[in-house]
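Here is a friendly briefing to read alongside the model. Please keep the sequence and the 3D view open as you go through the topics below.

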Amino acid sequence: MRSMTGYAYKEKVDENVSVSVEIKSWNSRFLDLSVNIPSFLGRLENRIREKCSSSILRGKVDLTIRLREKNGAVTVEADENAAKAYKKAIEKIASACGLGAQQIPLQLIVAQEGVLSIQKDNDPERYWAIIEPVFSDALMEFTADRDREGANLKKDLLEKLAKIEESEKLFKEWIPQMEGLFRENILKRFKEVLGDEVDEQRVMTETAALLVKYTINEEVVRLQSHIDALKAEMENNPAPGKKIDFICQELNREINTIGSKNQFIEVGRAVIAAKDALENIREQARNVE
């Protein structure tokens, strides 16, 4: 189990290059990955996204990569025809202004667009070889940070789930008392209407029919089933966040139904305890990947 929140920062600095990778994430229903890289690394973005998506399933993730070369390979080329054309045009302007051609500085011509062009070695494979080791280390640290937080979340979720199990056991223990009280109430009402002429067989038939509707036995069975399913998701599913939320909805439905049928203070207290633990689980589940 992993948390959706995490942070990692790695950098490498030597005499030729400086590269840093920062990854941070928050809760989100889906994977929302934002990649911030220099424009000259644009051809590597898909590769970066694929590497992130292979280990991050859910969360809002901000990834920032910075790279600066100190002695990068640079080629400077001169366009002689453009320089001559600029010189000729500038000489015409100088003549019109009564200035001699010898007064035109070289830097003026060189500064014109297209006279000099700078070409950098933007080979994506060369850049990837520089970035990939730092990126992999950062991603590993980021995953480890989410795993550590996820272990804490799992421990807390299991503690809260144990409280729901305690309530479930109490519900099961009180089923006979609840059904017994229900039979007593039905018999009392029959006697109030019919007096001593109550037909016991009819009372039993009516009671059985109503118990099908009002007993909590089925709710308790389903409650235990959902508890087992929730445990299995937390143990076996690497990204159980969405499934936990769905199972919590089912747990809530069963607990509410038991509460609506209850007539005992002890069962009512157990219902409140179960609902409180369940709310804590749902709150924490929003942090689970």
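Two strands pair if DSSP finds at least two bridges between them. By that rule, β2 and β4 pair in the antiparallel sense over 10 bridges. Helices (H or I, at least four residues) and strands (E, at least two) are DSSP runs, numbered from the N terminus.

Before going further, please note that this is a predicted model, in which local features need pLDDT of at least 70, side-chain atom pairs count only at pLDDT 80 or more, and totals for chains, interfaces and linings use all residues. Residues are numbered from 1 along each chain as its sequence is written, and side-chain values use heavy atoms, with hydrogens and water left out.

**The sheet**

- The 4 strands form an open sheet in the order β1-β2-β4-β3, with mixed pairing.
- Its edge strands, each pairing on one side only, are β1 (6-13) and β3 (31-36).
- From one strand to the next, the twist averages 10°. Axes here are lines fitted to C-alpha atoms, for helices over the stretch in contact, and angles run from 0 to 180 degrees between N-to-C directions.
- A hairpin of 3 residues leads from β1 to β2. These two strands, with β2 covering residues 17-26, pair in the antiparallel sense over 8 bridges.
- For individual pairs to look up, Glu11 stands opposite Ser20 in β2, Lys24 stands opposite Asp62 in β4, and Val35 has Leu63 of β4 as its bridge partner.

**Helix α1 on the sheet**

- Helix α1 (residues 45-53) packs on the sheet and touches β3 and β4. Its direction makes about 140° with that of β3.
- Touching, like contact, means heavy atoms within 4.5 Å.

- How many of the 10 residues of β2 are buried? The count is 7, so β2 is largely enclosed by the rest of the structure.
- Buried means under 20% relative accessible area, exposed over 50%, and partly exposed in between (1.4 Å probe, protein chains only).
- Ser20 belongs to strand β2 and is buried, with a relative accessible area of 7%.
- Setting aside neighbours within four places in sequence, Ser20 is in contact with Tyr9, Lys10, Glu11, Thr64, Ile65 and Arg66.

**Helices α6 and α7**

- Two packed helices are described by the angle between their axes and the distance between the axes.
- The axes of α6 (residues 217-236) and α7 come within 10 Å and cross at roughly 160°. The two helices are therefore roughly antiparallel to each other.
- Angles under 35 degrees count as roughly parallel, over 145 as roughly antiparallel, 65 to 115 as roughly perpendicular and the rest as oblique.
- The crossing of α6 and α7 is left-handed. That term applies if the near helix is turned anticlockwise from the far one by less than a right angle, and right-handed applies if clockwise.
- Residues making the contact include Leu223, Ile227 and Leu230 of α6 and Ile244, Leu251 and Ile258 of α7.
- By class, this contact has 11 nonpolar, 2 polar and 7 charged residues. Ala, Val, Leu, Ile, Met, Phe, Trp, Tyr, Cys and Pro count as nonpolar, Asp, Glu, Lys and Arg as charged, and the others, Gly among them, as polar.

**Helices α7 and α8**

- Helix α7 (residues 241-261) packs with α8 (residues 265-285) at an angle of about 165°, with their axes 10 Å apart.
- This pair is therefore roughly antiparallel, and the crossing of α7 and α8 is left-handed.
- The contact includes Ile255, Ile258 and Gly259 of α7 and Val267, Val271 and Leu278 of α8. Its residues divide into 11 nonpolar, 5 polar and 3 charged.

**Two buried helix residues**

- Val271, found in α8, counts as buried at 8% relative accessibility.
- Leaving aside neighbours within four places in sequence, Val271 is in contact with Phe171, Ile255, Ile258 and Gly259.
- Val271 and Leu170 lie 101 residues apart in sequence and 9.7 Å apart in space, C-alpha to C-alpha.
- Glu165 lies in helix α4 (residues 124-194) and is buried, with a relative accessible area of 17%.
- Not counting residues up to four places away in sequence, Glu165 touches Gln224, Ile227 and Lys231.
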